[in-house]
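Visitor: Could you take a close look at the charged side chains in this structure, and explain how the pairs are defined and where they sit?

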Amino acid sequence: DAASDAPLIAEVPVGTHVVQEIVNDRLGLTVWELGNGVRVLLRPTDFEDDQIMFRAFSPGGTSLVDDGDYIAASTASMIMSQSGVGDFNLINLQKKLAGKAVRVSPTISAFTEGMSGTASPQDVETMFQLMHLYFTAPRRDSTAFQSFRTRMRGYFETRSADPMTQFQDTATVTLTQDHYRTRPITPEYFDEWDLETSYDFYRDRFADASDFTFVFVGKFDMDSLRPLVETYLGSLPDIDREEQWRDIGIEPPAGVLRKQVRAGLEPKSHTQITFTGEAEDTRANRHALDSMTEVLQIMLRQRLREDLGGTYHANVGGGINRAPDHGYSVSIRFGSAPDRVEELVGVVFEQIALLQTAGPSDTNYLKVQEIQRRAYETNMRENGFWMAHLVSAERWGTDPEAILRYEELVDGGTRETIREAARSFLRSDNYVHISLFPEAVTP
């Protein structure tokens, strides 16, 4: 049961140096380019005394594999995480890291591969060592693989009987038009897991670090971090491969679709109404959509919950996609008694029509502006916010300094901007309406 005395990395790798440095004093940001092509963004903060966060990413992801290998590819990072790293299986790795405040997790999504993690300042070298090992020394552990697959199969066998799962699966399948890669997870799904295919795909995704970007935010000293960056990131493999993610053809349906899901016996219903369409990906459009959803959420909560007592919650959320295209989606979700679904859906569309014709009330408009200002003040003092912003700006090539002008964006908005957003993003001729009813209830 004792932890191994062996080091995580037996021999310190030979790295490459920083070959270019760019400093942005306005953002407190430094950018390094290493000799192997790795790009590193560093934003020291004093928000948390014991937190250093990182994220790494490069383009590609599971979009680059054919459908036949998709299941093995999409589960590759999970399976590798269960296998340990280097000379340590998962159990021995956990023992080795006992008492350390450090976490590193590889990730592979539809359009990117990468890693994320955190560490306390005293454990930061361990974090770098794990990052290096997850690139260069992933493990295949057939015993861990079989155990993990058995556990996951059992979990999803239970999950599939849950009415909300059936509701959510129906929504996903409908909004993606039954695309192969968004099919619901069933017990048979786990028969398609394959350790060797997952391992090979994982190795391929992390075979070239030259197109990776690493972002660090938190309590660190630049001079102390530099040798760790040069040693553990500067020594990552570089084959100078040029690649991009590809469009895998997932599109929302056109027109109006309504579906009912009948599952469970509890007298509860859930409703989701999702609007989709194309949108120009601009900062102004994103802010207008965000402001519109916040106003509509206030209106629906007041009308559905406070005035009519029809629901405990009414949530509105949405955004504009950047990959693979610039489509948008806005979803409205609420729970209710089964016999009130149609009534409340009608009220939702009444409130949408009101917003599209009269725009937001002065009270709601000013309330949303104040919420946005307060959130901005809080966010600017949080490591997670800076991480998300820098990753987004770097990944999509947008101006990172735009965050310093956010209050101008808030102040420049108008009630008319929100009214026009409601007209553009909440089209009555293009939405999906799905409601969950108990099996014994006929709406």
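Predicted model: local features only at pLDDT ≥ 70, side-chain atom pairs only at ≥ 80, totals over all residues.

Guide: At 46% relative accessibility, D307 counts as partly exposed, a class that lies between buried (under 20% relative accessible area) and exposed (over 50%), with a 1.4 Å probe and protein chains only. Residues are numbered from 1 along each chain as its sequence is written, and side-chain values use heavy atoms, with hydrogens and water left out.

The partner of D307 is R303, and their side chains meet in a salt bridge at 3.6 Å, N to O, the term standing for a side-chain nitrogen of Lys or Arg within 4 Å of a carboxyl oxygen of Asp or Glu. R303 is also partly exposed, with a relative accessible area of 28%.

Side chains of opposite charge can pair when their charged atoms come close. A search of the whole structure finds 30 salt bridges. One of the pairs joins R39 and E394, at 2.3 Å from N to O; because R39 lies in strand β3 (residues 39–44) and E394 in helix α12, this pair ties together parts that are 355 residues apart in sequence. R39 is partly exposed at 31%, and E394 is partly exposed at 24%.

A further salt bridge links R205 with E243, whose closest N and O atoms are 2.9 Å apart. Here R205 belongs to helix α7 (residues 195–205) and E243 to the loop between α8 (222–233) and β8 (256–262), so the pair ties together parts that are 38 residues apart in sequence. R205 is buried, with a relative accessible area of 3%, while E243 is partly exposed at 21%. Both residues also take part in a network of salt bridges that links E113, D204, R205, R241 and E243.

Methods:
Helix = DSSP H or I, 4+ residues; strand = E, 2+ residues; numbered from the N terminus.
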